[in-house]
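Trainee: I am new to this structure and would like to go through it with you step by step. Could we look at it together before I start asking?

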Amino acid sequence: MIPTIPRSRSFRLIYGTYVLLFFLYLVLPLAVVATFAFNNSQFPSLPWEGFTWNWFFGEERPQIGVFHERGILRAVGTSAFVALCVATLSVCVGTTNAFLFNRYEFRGKGLLYVLMLLPLVIPGIVLGISVLVFSSTLANGLWDLAQIDLQFLRPGLLLVILGQFSFITTIATLVISARLQKFDRTLEEAALNLGATQLVAVRTVTLPFLAPALIGAIVVAFLMSFENFNTTLMLVGSDAPLTIAMFDRLKEGSTPLLNAVSLLLMLGSSLLALGLILFQRGR
Amino acid sequence: MAPDLECVDLVKKFGDTTAVDNVSFSVPPGSFFSILGPSGCGKTTIMRMIAGFLDPTSGDIRIKGNSVLNTPPNKRPVNMVFQHLALFPMMTIAENIGYGLRRKKMPQAQIARKVDEALDRIGLPGIGRRKVNELSGGQKQRVAIARCMVLEPDVLLLDEPLGALDLKLREHMKVELKALQAAFDTTFVYITHDQSEALVMSDQIAVMNAGRFEQVGNGQDLYYRPDTPFVAGFIGDANRWTGRIERAEGKALQLRTSTGLAIRATATDALAEGDIAELFVRPEAIRLAGNSGDLGDFENRLQGTVTSILFNGAASRVLVQDEAGETLEVTLPQSGEFSSLQRGDRVHIGWGAAQASCFKGAA
Amino acid sequence: MRAQARIGFILLLMPLILWLGLLIIIPHIDMFLISIRERISFGVYETSLTHYQKALTEPLYLRTFWRTAVMSVLATVITLLIAFPVAYYIAKMARGRLQQVLFLLCLIPFYVSELVRTFGWMILLRETGIISHLLQWAGLADQPVEMLYNDAAMMVGLVYTSMLFMVVPLVTTLESLDDSVVEAGYDLGGTGLSVLREIIIPHAMPGIVSGCIVVFMLSLGNYLTPTMLGGKDSLWFTEMIYNQFIVRSNWELGAAFGFMLLVLSSVIVWGMLRLTGRTLQETLG
C-alpha cells in the first residue's frame, strides 16, 4: 500500500475520496463559523441575510461588533495576560527540568520523570478542582490560624494561572528536552576548552541551540493557555478569560458576534503558528 | 531451456529523463549475474522493474519464458534482498523466515521444519527465537537471504546488500554469498557499484552507465578486453590520455598526446590517422625497471623521475614523471627489488602496445 | 559530585519539586482527604467513606460513571479507525509538498479553541442549522430536523476534538516505517491485508497506544462537548463534578467524583500500557 505497489484504479479513487472527505470534516465546522461572522442577522444560521462587517466594527445595538464590545475586549485582555504569565513560567520551569533530566543522574530520576509526565494523564477538570481544593484549604487554614484572608487564594486569576501552569509545564519540558537531547555535548566541552566557564558555555552555546525549542514552547504554551477551558472553568473568579466569557454567552444563545470573535481567534492563532513554522524552518 | 530471466528492450522513463534505455539481457539458469554501475545509472530501476515495484515504459520481462508484466509483485516468482535488508523488526528471526510460507498457507508444522532447515543451511541453527536487532550485520544478511530462499524463487534479486557492512565483513560475505548461491543453486541477479564484489562473485557482469548496458561479459572480458572507454575507466584503474592518431596499420596504432608523448597502442574501435582517440593503460600493466635493458621488447619505453610513492601494501603505486611532464601511475611490485626506491630516483618504465587500449574519442 | 555541580543540581531540582509538590501531588492528596471526610456539623468533620458509598450506590451517579467510561472508549476506537487510513495516507502515500500541506491541515483544529470547534458543530447540527436546511432543500425532510443534543452529535464532537492527537503520533510512527519493509512484505507474497496485519500495524503500535491514551484522556475529561452537544439525559461525569463543586457547593462529593475519575483514567491508561508492554516514558516522552 505504498505508491510502488500497483493498486487498482478504483482502490486509489476510493482511498483518495476518503481522505478528501476527512479533510472536509476537519474544515467544515471552522468554515461555517467563519462564514456566519458576516451574516447580517441576529443568528449565526441560515437564512443568509446578506454580508456585513457589523459583527466586527458595528457600533450600535443590536449589532455591536467585536471591537466595540467591552466585555469581549476585556476578556481578551485577561486571556492574554494569563497566557503570557503561563507561557513565561512554564518555559522557565520546563527549561530547568529539561537540563535536570538531561544532565544529571540521580536516585529517583525515573520516578520523578514519571511524575513529571503525570499531568498529561490527569483530566483537566480534576487538575482544576485539586488546585481549587488545596488553595482553599490553605486559605481556610490561614484564616483559622491568624485571621488573615488571602484573597489571591480564592478562585481568580492567580489560581487560573497556576492551574494551567501545572500541566502546560509538562508540555514545555517535553518540547525543550527533545531538542536538548539532540545537542552535541562536545560543543559545550569545546567552549570550556576555549576558556568559557560552565555558565558562560551554557549561555553562549547551549541556549542559542535551544532557542527554536524555547520559542516553540512559548508559542505552544501561550496557545494552550489561551484556549484552555476545563481547568480554567473550575478556577475562574470574577475576571473571566475569553473562553469562559464566550461559553457564558453561548449558553444564553449565540449571535454572529461569537462567530466574529472565533474568526479572529482562528486568524490570530493560525498566524502565530504559521510564524512559528516559518521561523523554525529558517533555522 | 528458457533462460531464468530475460529482459527485452526494457525502457523506463521518468518524465523527460530516461532511466533505463533499451536494455536487453538474459540470465541462464543457476548463474550469478551482476549489474555493475555508478549510482544513478539505472541499475536499481531495472531491479525494481523485475521485482514489480515499477512498471516499464516499454519492453518485456520474462521469467522462465513467461512475461510477468501483468503479475503483481506478491505473485512474481522472484524475491528480493533489499539494500538495507528490510527484515521485519517486529518479528522474530523464525517469523521473518516463515513469513512467505505463511502467505502460502503452509501448515504450521511444515513451516517450522522449513525454517529450521533454512537456518541450518545458512549456518545459524537455533537462532529462530531471537529478535532482528540481536543479530550482527553478517547474520542479518544471511537471514535476509534465507527468508527469500525458503520460497524457492526462480530468481533472487540482491540490491547492494553488502553496502552497509564494514570492509572486513564485506570481503568475507563476498565469498559466502557465492557459496550460498552454489548451495541453493538458484539464479542470483546482483546489483552493485562495487566492482570487486561483481568481479569476485559473478559468472556474468553487465556494466551499466546512463541507462544503457556498456558491455556484458565475465570478469576477464571486462578487465582485459573492455569494449568502451567507460568500461576501461570504470573497471580497475588506468592511466588515461587523449590524443591524435599519428599512424594506423590495422589494429596497431601510434598516438601522440597533447604534451607530445608518442605511445604505441592497440585499436579497439575502428580508428584512422588523424582521429582523436582515448588511450587507457593500467598501472599494473606497466613494468618498472632500473635500466632500459630490463624492459625487453616492450613497444613503449620511457625514462622518468619518481615524484611520489603511494604505499598501500599489495596495491602500492609510484607516480613517475617523464621528461615531457606527464605523470604516470605505475604499480610497485612487492617482490623486494624496489624496496629502497625513493622520491627523486630515476627509473625506466615500459609497457606493451597490446596493454594500451585505444578508443574513439569525443571529437 | 563536585560542589559546584551539586549546587547546580539542587538549583535545577528546586523548580521541579516545587511544581510537582505544590501543584500536583499535595493538591491531589488534599483532594483525596476532602473526599473522605464527612461534615457532621458546622466546622466539625469526620473521616468516612460515605461519599464514595453514595457515588457507588446512587444509580444516576454510577450510570453516568460507566457511561462516560464506555463512551470515551468508543470515541477512542472510532477516532483510531477514522484516523489510521488518513495518517497512513499522509505518511506513506502522499509525497513532498502534498505531504507537508496535509499534515499542517491536520494541525489546524488544534490551533482553534475547543469552544470554537464545538460552536461550529452547533451551527451545523441544530434545528435551524445548515444540515437541517440542506436536508429540507434537498427534499429529504419536510420540517426542521434537530440533530443536536443526542449521543451521536456528542460523539461527532468528541471524535472531532481529539482527531489531531491520534493523527500526529500515527503519522510520526508510520513515517518511520521503511518503504522497503512494506515492499519486502509484498515481495515475499503478502497481500494488502496481511501486510497491514503483520507489518504495518505492529510497527505503528507505539503510535496507536500513545494516540489512544491521549484521546481517551481528552474524551474522559471533556466538559464542553458533552454539555453543548449532548442531550439532557446524556450526562457526562465531568458535568457531575462541576455541578457538585460550583452549583451545589458539595465539595466532598465532588472531590470523591474527581478521585473516581482519576482512578478510572489511571486504570485504563495502566491497562493499555500493560497490554502492549510499554512504559509511560516511552509513550508520552
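Predicted model: local features only at pLDDT ≥ 70, side-chain atom pairs only at ≥ 80, totals over all residues.

Trainee: Does C:Glu46 count as buried or exposed, and why?

Mentor: Residues are numbered from 1 along each chain as its sequence is written, while chains are lettered from A and ligands numbered from 1 in the order in which they are written. A residue is buried if 20 or more other C-beta atoms, placed from the backbone, lie within 10 Å of its own, exposed if 12 or fewer, and partly exposed in between. Because C:Glu46 has 10 C-beta neighbours inside 10 Å, it counts as exposed.

Trainee: Which residue stands opposite C:Glu46 in the strand pairing?

Mentor: C:Glu46 lies in strand S2 (residues 44–47) of chain C, where strands (E, at least two residues) and helices (H or I, at least four) are DSSP runs numbered from the N terminus. Strand S1 (residues 37–41) of chain C pairs with S2(C) in the antiparallel sense over four bridges, and two strands count as paired if DSSP finds at least two bridges between them. The residue that stands opposite C:Glu46 is C:Glu38.

Trainee: Which residue in the turn between S1(C) and S2(C) has a positive phi?

Mentor: S1(C) and S2(C) form a hairpin, with two residues between the strands. The turn residue with a positive phi, of about 75°, is C:Gly43.

Trainee: In chain B, which strands are the edge strands of the open sheet?

Mentor: Six strands of chain B form this open sheet, in the order S6-S7-S8-S3-S9-S10, and the pairing is mixed. The twist averages 20° from one strand to the next, with axes being lines fitted to C-alpha atoms (for helices over the stretch in contact) and angles running from 0 to 180 degrees between N-to-C directions. Each edge strand pairs on one side only, and the two are strand S6 (78–81) and strand S10 (212–217) of chain B.

Trainee: Which residue of S9(B) is the bridge partner of B:Ile35?

Mentor: Strands of a sheet pair through backbone hydrogen bonds, either parallel or antiparallel. Strand S3 (residues 32–36) of chain B pairs in the parallel sense with strand S8 (residues 187–192) of chain B over five bridges, and in S8(B) the partner of B:Ile35 is B:Ile191. Four bridges join S3(B) to strand S9 (residues 204–209) of chain B, also running parallel, and there the partner of B:Ile35 is B:Ala206.

Trainee: How many residues of S3(B) are buried?

Mentor: From S3(B), B:Phe32, B:Ser34 and B:Leu36 point one way, whereas B:Phe33 and B:Ile35 point the other way, and all are buried. S3(B) is therefore largely enclosed by the rest of the structure, the buried residues being five of the five.

Trainee: What share of the residues of chain B count as buried?

Mentor: Chain B holds eight helices and 20 strands, and its C-alpha trace spans about 75 × 45 × 35 Å along its principal axes. Of the 363 residues of chain B, the share that count as buried is 41%.

Trainee: Which helix gives the largest share of the side of chain C that touches chain A?

Mentor: The contact takes 67 residues from chain C and 69 residues from chain A. The largest share of the chain C side, 15 residues, comes from helix H1 (residues 3–35) of chain C.

Trainee: Which element of chain A has the highest mean pLDDT?

Mentor: Chain A averages a pLDDT of 85, and 99% of the residues score at least 70. Among the elements of chain A, helix H2 (residues 54–57) of chain A has the lowest mean pLDDT, 74, while the highest, 92, belongs to helix H6 (residues 157–182) of chain A.

Methods: Contact = placed C-beta atoms within 7 Å. pLDDT = per-residue confidence, 0-100.
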